[in-house]
Structures are given as C-alpha cells and as structure tokens.
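This report describes selected features of one protein chain. Please keep the sequence and the 3D view at hand while reading.

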Amino acid sequence: MTIPLFTVDAFTPHPFAGNPAAVCPLDRARDDDWLQRVAAEMNLSETAFLLPENAGYRLRWFTPAVEVDLCGHATLASAHVLWQTGRVANGKCIRFFTRSGTLTAEQNGDWIELDFPALPVTACEAPADLASSLGVRLAAVGRSRMDYLCEVIDEETLRGMTPDMTRLRAVQVRGVIVTCKSRQSEYDFLSRFFAPATGVDEDPVTGSSHCSLGPYWAAKLGKSRLCGYQASRRGGIVRVHVQSDRVRLGGQAVTVLRGELDA
C-alpha cells in the first residue's frame, strides 16, 4: 500500500528557500510509533500528518525526535497541499484540529493566512548558561509557555551567532527565539530559532515563534501589523497581525517534491 507524500518549502515563494516540511495525507489512523518513524525517515524539522475529521482535518506534527504541540510552517505546507491537490476547494477555509486547539487556514491571493493562538512573553531572568550558550550579550529575556525569547542589540549580532548546541540542549525549554529590530524598511524585526532539545538545531523559518514575536514587537513598536524575516541560511518571510489573544500568520509556499511512501 502506498501513501502520498509531499515536500513543501514554506514561508517562501521560491524552491529551496524557506522551511521544508513533509506533508503526509492519511486515509486511516496510524499508531504513534509509525508516525514518529516516518518523521525520522523524512529527517526534516517537521513532518505533518493529516487525517480527515468532521468538516476538517486532524493535524499532528513530528520532528525527527518528538511530537510537538504547535508548528506554523508545516501547517502552512499542509494547507498548501490540500488546496493544490484538490482535497479542499480553492477559496474554502480549512479547519485543523490539533494539540493547540482548532487552527484555520485561508487563502489571500498568493498568500496563506493561519489563525494561531498568541503566545505572549513575560520578562524573566535568563537561566544559567543561556547567554553563554548563545555566545552573545542579551538585551532582554522573556519566556512564553513554549520558548525563551532573547533580544539582541543589532542585526550583525543576530546574523553572526554560532550557538553551542550541546550546552543549549540542556536548557529546559522547547526552543530559544533570538530577535532584533530590523534596519531594513521592508521588515519590522528579524529572528532566528534554535531547538536542539527537540532534535532541530536551527529551524529555517518558524511560524510558531511568531506567535510570541508578534505580540512582543507589536508592544515595542506600537503597531499590530508587522513583517518579520527569519535570518537563517535559507531565510523566510512571515507576515504577522496581532489580534488580542490570536495571531494571524501570513506566508507563501511551493511544492518541491511529490512521491509515495511504501509502508
């Protein structure tokens, strides 16, 4: 029996940029061990599994090592696949049932908009070894329910970081967001995201981190609509609209591989 499998580059309109996710539409439920082994085989930061449920889809996300509670780029990739393959009609809103509640995806021209929960950050003391693990001086530190958020002074500091992943892996958190204000007029802020504890040293473009970055920079800059650039080697653009306890994330996507899984 074969199962369709797609690789989609998310938060970019160009192949081989943004963040690649594997998307696996299922016709029946599979056990967790099988899902985790497929994700390990794909060896991407996330593999998304879709199963029709009620008027939408049950959506689960796995890194090569663990299942995660929230993932933006693989949700964007999943919506892209559902519309592109005709599983959902163009223009129809998609409802995803996830470990983080019901999420939605809508088309807006060439962009896809996701409705996600806001993950606000509360200022805190940096845990032991966080700054030294990142190898930079931190201007501010906060914590959401998932991640630490660290602001650095400028773009050069952000881009030049080479964290010690072995030491960072010991920090008890899903991941670490590092951010700074952008000096480029087309972006409001820049970021990078490190999650070695979940098997992803540096994520190329992280939708879920923008659930914290959006409220953080909205408060600092006094605006609810922002545009962020994740300054990884691949790079990607995320539009953010903060709406009370929700965040709308906008991005583009392109399919780079279509195949079948023999399993």
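A surface patch is built from residues with over 30% relative accessible area and no salt bridge, where like charges are joined within 9 Å and nonpolar side chains (Val, Leu, Ile, Met, Phe, Trp, Tyr) within 5 Å. Accessible areas come from the Shrake-Rupley method with a 1.4 Å probe, and for residues only the protein chains shown count as cover. The model is predicted: local features need pLDDT of at least 70 and side-chain atom pairs count only at pLDDT 80 or more, while totals for chains, interfaces and linings use all residues. Residues are numbered from 1 along each chain as its sequence is written, and side-chain values use heavy atoms, with hydrogens and water left out.

**A nonpolar patch**

On the surface, F16, V256 and L257 make up a nonpolar patch, and together they have about 310 Å² of accessible area. V256 belongs to strand β18. Helices (H or I, at least four residues) and strands (E, at least two) are DSSP runs numbered from the N terminus. V256 has a relative accessible area of 33%, so it is partly exposed. In this report, buried means under 20% relative accessible area, exposed means over 50%, and partly exposed is in between (1.4 Å probe, protein chains only).

**Helix α1**

Helix α1 covers residues 32–42, and its buried residues are W34, L35, Q36, V38 and A39. These buried residues pack against β1 (2–10), β3 (47–53), β4 (56–62), β5 (67–68) and β18 (253–262). A contact here means heavy atoms within 4.5 Å. At the N-terminal end, α1 is capped by D31, which has a side-chain oxygen 3.1 Å from the backbone nitrogen of D33. A polar contact is a pair of N or O atoms within 3.5 Å; within protein, one must be able to donate a hydrogen and the other to accept it, and residues adjacent in sequence count only if both atoms are side-chain atoms. Just after the helix, N43 has a positive phi of about 55°.

**Strand β12 and its partners**

Two strands pair if DSSP finds at least two bridges between them. Strand β11 (residues 147–151) runs parallel to β12 and is joined to it by 5 bridges. With β13 (residues 189–195), β12 pairs in the antiparallel sense over 6 bridges. V176 shows both pairings: in β12 it is the bridge partner of Y148, and its own bridge partner in β13 is F194.

**Two residues in other strands**

A140 lies in strand β10 (residues 140–143). Its relative accessible area is 27%, so A140 is partly exposed. Apart from neighbours within four places in sequence, A140 is in contact with L149, C150, E151 and Y216. The C-alpha atoms of A140 and I153 are separated by 9.2 Å, and these residues are 13 apart along the chain.

D115 lies in strand β8 (residues 111–117). With a relative accessible area of 18%, D115 is buried. Setting aside neighbours within four places in sequence, D115 is in contact with L103, T104, R246, V247 and R248.

**Salt bridges**

How many salt bridges does a search of the whole structure find? The number is 19. A salt bridge is a side-chain nitrogen of Lys or Arg within 4 Å of a carboxyl oxygen of Asp or Glu. Side chains of opposite charge can pair when their charged atoms come close. The table gives some examples.

| Salt bridge | N to O distance |
|---|---|
| R60 and D32 | 3.0 Å |
| R248 and E106 | 3.0 Å |
| E202 and R192 | 2.8 Å |

In the salt bridge of R60 and D32, R60 lies in strand β4 and D32 in helix α1, 28 residues apart. R60 is partly exposed at 21% relative accessibility, and D32 is partly exposed at 43%.

R248 also forms a salt bridge with E106. This pair links strand β17 (residues 246–251), which holds R248, to strand β7 (residues 101–108), which holds E106, and the two residues are 142 apart. R248 counts as buried at 17% relative accessibility, whereas E106 is partly exposed at 34%.

E202 is in strand β14 (residues 200–203) and R192 is in strand β13, so the pair ties together parts that are 10 residues apart in sequence. E202 is partly exposed at 25% relative accessibility, while R192 is buried at 7%. Finally, salt bridges that share partners join D32, R60, E67, D69 and R99 into one network.
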